[in-house]
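Colleague: I have a model open and would like to learn how to read it. Please take me through some features.

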Amino acid sequence: MNLTRDVEDTDIPDALDIMVSLIVKEQAITEVGIKEGGCTELFLNTDMLGHLIRLSEADVPRRFRGEVCHFISQLISLMDGKFLVQNAVHRPILYLLRRSLQEREPRYEDKMVELSYNIASKIHEYPFLLNIFFIENYIPKNVTGNQNRTQAEGGESDNAKSQKQKPPPEKKRVMSVNGGEVDFLLWDHLIRSIHLQGGPNDEDAQQGDFARTGCLFLLELVKSGNDMEKHILSTDFANVIVAGLGGLFSQLPRALPSRYESHVPPGTRLHFTIQTFRNDLGSFLQLLQFVQEVVTRCPSETIRENLLSNLKSSFLETILLSSIQSSHDFDGSTAAVLFYIKEMLKVIETPEISKMVCVFLFKGEEEDDTFFEDPTQTNDMKLHVRDILISKLNSLSEDVVIKFLNLLQVVLSSHSRYALPLLIESLQFQTPKNNVKSSRKLDKKLQIRLEIEEHRTLVSRYLALLPPEDPNYGREHTLEAYIQAVLNNKIPDQNESPLSETSLSTEALSPNDEQVKSQMQILGRDSTLRKFISKFSTFFSHSYDINLALTGMLSQLAAAPEPLLYLYLFSAEVFLKSEPGKESTDTFGEFIAENQRAAGEETEHQSLYSVILKLQLEIEKKRSQMPNFDANLAKVRDRMFGRWGDGGEFGGNSVIGNGLDIVGMIAAGLGGAHNLDFDVEFLKNVVVLEEGIKELLAIMIMHGSSGYDLISYL
């Protein structure tokens with residue numbers, strides 16, 4: 001007999017497959033009321049599974065042990081969960097789990113994790129099976145724990161073995177309320193592989209998926225204060241997950257690879273680099289998604305709080321903070337960190353984690369436990385993460401500005417409930433300390449009622465800003481398409497807004513009320529909001545890519561569920577320009593006309609409308625200086641909307657696309673001017689502005705359906 005041959009060269013795999021088929025078939029026959037056959041009875045009465053496990057310990061033929069593990073896993077997966085109740089089934093499996101933990105044989109770790117996953121899925125289906133695999137061992141006097149457990153599982157005692165076993169590594173002992181030692185071999189197996197990640201076809205990735213899913217099945221059965229909760233906490237479950245999360249984040253490149261968002265021909269070195277980067281980023285986000293699943297599905301508050309605490313202290317305030325602190329704008333590291341944070345926020349949906357991350361990123365001076373000292377300062381100046389991030393709005397690196405604006409767009413679209421009051425500090429309410437009020441915060445929440453005449457008049461102002469629609473571009477580039485896009489987006493309801501805790505009522509105030517104006521003035525002095533509007537006012541000094549990200553961010557800001565912010569952004573100069581207590585006109589329309597004449601002037605409070613008026617004056621000035629301005633603008637618009645050539649890939653916040661190498665098309669019209677590239681960029685920005693106005697107008701038109709304030713139609 002050749003003892004070195006592989007098990008695949010024998011009849012053993014086929015024999016085991018036949019055994020599985022016979023037992024599964026007999027179960028199906030029994031379920032329809034036909035008398036069961038003798039194969040299952042023979043399998044159980046002769047302890048066949050126990051014999052197989054003991055025979056496989058020598059692993060002869062080669063990989064025989066792995067084949068037995070696969071056989072057991074397949075049998076459990078196909079059989080009804082109640083099959084595990086049989087002594088002849090679960091006792092040998094417990095013995096196998098313990099031996100595997102003691103020996104730590106890496107060759108069959110994937111098979112054991114798959115087996116553990118299948119058992120966990122059956123326990124999830126039949127929770128009473130947990131009593132079989134979560135063991136409270138009563139240890140008699142003069143008998144060691146290992147002896148008692150091995151004999152209970154149907155194996156030989158340690159003293160009866162002819163070969164000495166390597167003792168298992170020391171671990172924390174968890175004692176039950178009855179004084180016995182608690183064992184949860186299934187959990188101990190799964191948690192060893194919970195951190196494994198890999199590519200789409202990587203065995204490690206599949207093993208890690210099995211481990212994480214199996215852990216979730218078991219976590220759903222935890223009850224607060226029971227022995228299972230104590231055991232899970234004793235295994236440092238939270239530390240293992242967060243350490244894995246930090247390790248995967250640290251493996252991400254310090255700078256993003258070039259063309260990482262583009263299609264690269266396979267087989268090239270760049271393609272391999274990009275594919276590796278995408279796999280690494282996907283692994284990190286997948287583990288973060290698992291953290292969310294635990295927080296969402298685990299009923300134990302202690303386990304959830306332990307995990308969230310570790311996530312905050314060991315990842316956010318250590319690893320991520322260090323990355324933000326050590327990044328630089330001109331070596332690609334800042335752009336990379338901003339991109340990673342944005343990808344994290346796109347994945348995060350759990351309210352607890354969303355709030356934690358938003359507080360970490362945007363909390364201000366009153367919560368000063370997340371800061372670091374700026375080494376360039378000689379005084380004791382402390383910089384918050386918020387200060388570092390906001391400063392990137394005016395970075396000299398174009399890529400950093402774009403990445404920050406894209407980050408803000410995700411924050412405002414998916415996490416405005418927690419991020420917006422931190423980002424725009426004036427939207428927070430007074431919490432006086434030592435009877436001292438802040439002049440930068442609001443006294444209380446006001447309900448605002450906008451009359452239908454006021455709403456229609458405000459909308460008409462923005463309608464007048466739109467250029468004539470060209471029917472040749474199709475419906476996807478019309479105002480109607482933007483309105484439909486606003487309808488399709490999920491609009492946060494009243495209960496989701498942190499500042500909309502009371503229902504709208506007849507006590508809602510008009511925008512002309514002095515209390516509303518006072519709060520709008522406080523909001524208008526907010527430094528972050530002023531920076532956003534100031535950035536918009538220098539629209540034509542930015543590149544096309546920056547403006548595409550900027551208009552997307554402003555649209556999300558305007559759509560946020562904050563009535564006061566909406567009122568300020570769209571019409572600040574209308575309601576704050578008149579003198580308090582003085583009514584200079586009879587109707588709201590006349591009031592608008594009176595203020596609109598001076599809307600282009602420099603004022604303390606500027607709305608998006610007044611900024612757009614100034615930008616349109618710049619367009620008119622450029623039109624008078626550039627030959628064939630309208631014809632060249634049409635060519636640029638055609639290219640951006642994909643009417644000429646391949647049209648590029650559409651992206652950004654609207655229907656605008658990339659691939660805009662159109663200098664040659666309009667060179668003749670511009671007379672070969674030396675500033676040709678700048679002129680083309682200006683024309684592209686004009687199109688971006690036009691599309692941005694459509695998006696803002698769509699938000700205004702659909703404002704009455706937002707559900708967080710009131711438009712009175714009576």
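**Charge and rings**

Modeller: Start at the surface. Glu8, Asp9, Asp11, Asp14 and Asp17 gather there in a patch of negative charge. Patch members have over 30% relative accessible area and no salt bridge, and like charges are joined within 9 Å. This is a predicted model: local features need pLDDT of at least 70, side-chain atom pairs count only at pLDDT 80 or more, and totals for chains, interfaces and linings use all residues. Residues are numbered from 1 along each chain as its sequence is written, and side-chain values use heavy atoms, leaving out hydrogens and water.

Colleague: Why does Asp17 count as partly exposed?

Modeller: Because its relative accessibility is 35%. Buried means under 20%, exposed over 50%, and partly exposed lies in between (1.4 Å probe, protein chains only). Asp17 sits in helix H1, residues 12-31.

Colleague: How do I read a pair of aromatic rings?

Modeller: Use the distance of the centres and the angle of the planes. Rings of Phe, Tyr and Trp (its six-membered ring) pair if their centres lie within 6.5 Å; planes under 30 degrees apart are stacked, over 60 edge-to-face, the rest tilted. The whole structure has 20 aromatic pairs. One of them, Tyr260 with Phe339, is edge-to-face, at 5.2 Å centre to centre and 70 degrees between the planes.

Colleague: Are Tyr260 and Phe339 buried or exposed?

Modeller: Tyr260 is buried, at 11% relative accessibility. Phe339 is buried too, at 5%. Next, Phe284 and Phe315 form a tilted pair, 6.0 Å centre to centre with 40 degrees between the planes.

Colleague: Which residues form the aromatic cluster?

Modeller: Phe249, Tyr260, Phe277, Phe284, Phe315, Phe339 and Tyr340.

Note on methods
Patches are made of residues with over 30% relative accessible area and no salt bridge: like charges are joined within 9 Å, nonpolar side chains (Val, Leu, Ile, Met, Phe, Trp, Tyr) within 5 Å. Accessible areas come from the Shrake-Rupley method with a 1.4 Å probe; for residues, only the protein chains shown count as cover. A salt bridge is a side-chain nitrogen of Lys or Arg within 4 Å of a carboxyl oxygen of Asp or Glu. Lys and Arg count as positive and Asp and Glu as negative; His and the chain ends are not counted. The place of a charge is taken as NZ of Lys, CZ of Arg, CG of Asp or CD of Glu. Helices (H or I, at least four residues) and strands (E, at least two) are DSSP runs, numbered from the N terminus.
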